[in-house]
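Okay, thanks everyone, I'll keep this short.

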Amino acid sequence: MAQTPTLAEESGSTPFSSSQSITLRIARYNPQHDSVKSFMEFQIPYEKWTTVLEAILEVKKHFDHSVAVRYSCRQATCGSCGMIINGKPRLACFTKISELNSNVITVEPMNNFPIIRDLAVKFDRLFDTHHKIKPYLIRNDTEITTNTKEFLQSPEELEQYIQFSNCIKCGLCNSACPTMATDSSFVGPQALAQAYRYVADSRDKGKDNRLKIIDDSHGIWRCHFAGSCSQVCPKGVDPAMGIQLLRGYMLGFRS
Amino acid sequence: MANQDENKEGIGGMINPRRYGIERVAYLLMRLSGLGLLAYFIGHIYETSSILKGQIGWNEFLAITQTNAGHAILAIVIAMCVFHTVNGIRVMLGHGGVGVGKPARPDYPYIPASQNIRHKMGIYSAIILAAIAMMYGLAVMFGE
């Protein structure tokens with residue numbers, strides 16, 4: 001399944017006027033009637049600021065509107081457009097074609113997530129595991145009833161977890177994780193990093209509760225510190241650091 | 001269709017060392033050396049159990065390790081042992097949260113603190129020490 005029309009034929013209808021072009025290979029797969037993944041190829045002109053998402057949207061606009069892709073904010077905030085771009089998990093809206101240094105860009109759905117269709121994957125498990133670690137402050141009192149009205153925190157206390165609150169739940173870390181590649185039950189780096197985010201929050205009192213949840217054969221002990229999750233995170237969360245610091249609590253290195 | 005539906009990378013993706021730098025190479029070598037040492041351990045128990053057959057049986061089995069192939073296998077075992085030990089110390093310290101950096105507000109381009117130079121040095125040291133130990137082993141075994 002390969003077709004190579006050019007945007008030059010669609011004169012005047014494209015925002016890209018560059019003479020440079022790449023071959024965009026898009027994975028096509030519909031689990032309802034396809035047995036294997038196939039690829040469609042398109043010649044797309046690009047500028048130095050053109051992102052992979054913009055190139056995919058050009059394909060949808062001019063060549064094949066049936067390509068399934070999830071996106072929303074186009075500014076690396078919503079975490080919707082995660083996909084495998086030239087072999088590595090990246091956000092399509094945050095990846096410029098010019099920085100890939102390749103004349104062929106291959107986009108595929110993220111690994112370790114069930115495919116809905118083409119580039120769109122199911123996030124159910126990611127959200128389930130995220131919810132499992134209780135991603136909220138656990139305390140007996142509330143800001144409404146306490147006399148102080150708010151839970152005060154020093155800048156130093158904020159620094160302990162603020163990095164991990166940048167998570168946009170895009171799933172790239174879970175897609176890169178070697179344990180997720182084989183273990184369907186593993187909690188995953190996203191949820192574990194978020195467990196650390198709340199455990200390290202001085203306002204939270206649910207540390208023991210959360211540590212009990214992740215102290216499981218498919219929990220934190222399945223992380224082997226390969227660090228791939230941190231390398232692909234588009235927001236600088238560094239899940240590998242969070243997981244090791246969290247394990248430090250469980251091993252008694254931290255209190 | 002189950003695997004295709006789950007879209008898991010599988011073992012092929014797990015052992016692919018090419019995409020995520022030296023840390024993923026270390027991850028693969030750690031697994032391979034662990035499995036190799038386990039296989040050696042089982043073989044070693046089997047070999048030493050041959051003493052139950054008396055001195056002749058013991059000597060016959062021991063002669064296998066004195067061949068070129070035996071020497072080569074022992075040299076690989078030495079390399080696996082050294083790499084697994086040195087890298088294992090690095091990983092154990094990391095697992096305790098030692099040397100993985102401190103949480104801080106990240107700045108673009110977001111270089112992960114946990115993948116710092118100390119860990120990279122640890123990995124390269126493990127590989128170099130394993131190579132030196134293997135070469136020393138080869139020199140001793142084949143140098144006579």
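So, let's start with a question: is A:Ala76 buried, partly exposed or exposed? It's partly exposed, because there are 17 other C-beta atoms within 10 Å, and you'd need 20 or more to call a residue buried. Bear in mind that this is a predicted model.

Why pick that residue? Look at the backbone: A:Ala76 isn't a glycine, yet its phi is positive, near 55°. As for where it sits, A:Ala76 is in the loop of chain A that runs between helix H1 (52–62) and strand S3 (82–85).

Chain A has another case like that for us to look at. A:Asn112, also not a glycine, has a positive phi of about 70°. You'll find A:Asn112 in the loop between strand S5 (104–108) and strand S6 (115–117) of chain A. Its surroundings come out as buried, because A:Asn112 has 28 C-beta neighbours inside 10 Å.

Now zoom out a bit. Chain A has eight helices and seven strands, and its C-alpha atoms fill a box of roughly 70 × 40 × 30 Å along the principal axes. Of the 255 residues in chain A, 44% are buried. And if you take the chain A contacts with a separation of 6 or more, 69% of them come from residues 24 or more positions apart.

Last stop, chain B. The peptide bond from B:Tyr108 to B:Pro109 is cis, with omega near 15°. B:Pro109 belongs to the loop between helix H5 (68–95) and helix H6 (117–142) of chain B.

That's it from me.

Terms used:
Residues are numbered from 1 along each chain as its sequence is written. Chains are lettered from A and ligands numbered from 1 in the order in which they are written. This is a predicted model: local features need pLDDT of at least 70, side-chain atom pairs count only at pLDDT 80 or more; totals for chains, interfaces and linings use all residues. Helices (H or I, at least four residues) and strands (E, at least two) are DSSP runs, numbered from the N terminus. A residue is buried if 20 or more other C-beta atoms lie within 10 Å of its own, exposed if 12 or fewer, and partly exposed in between; C-beta atoms are placed from the backbone. Two residues are in contact if their C-beta atoms, placed from the backbone, lie within 7 Å.
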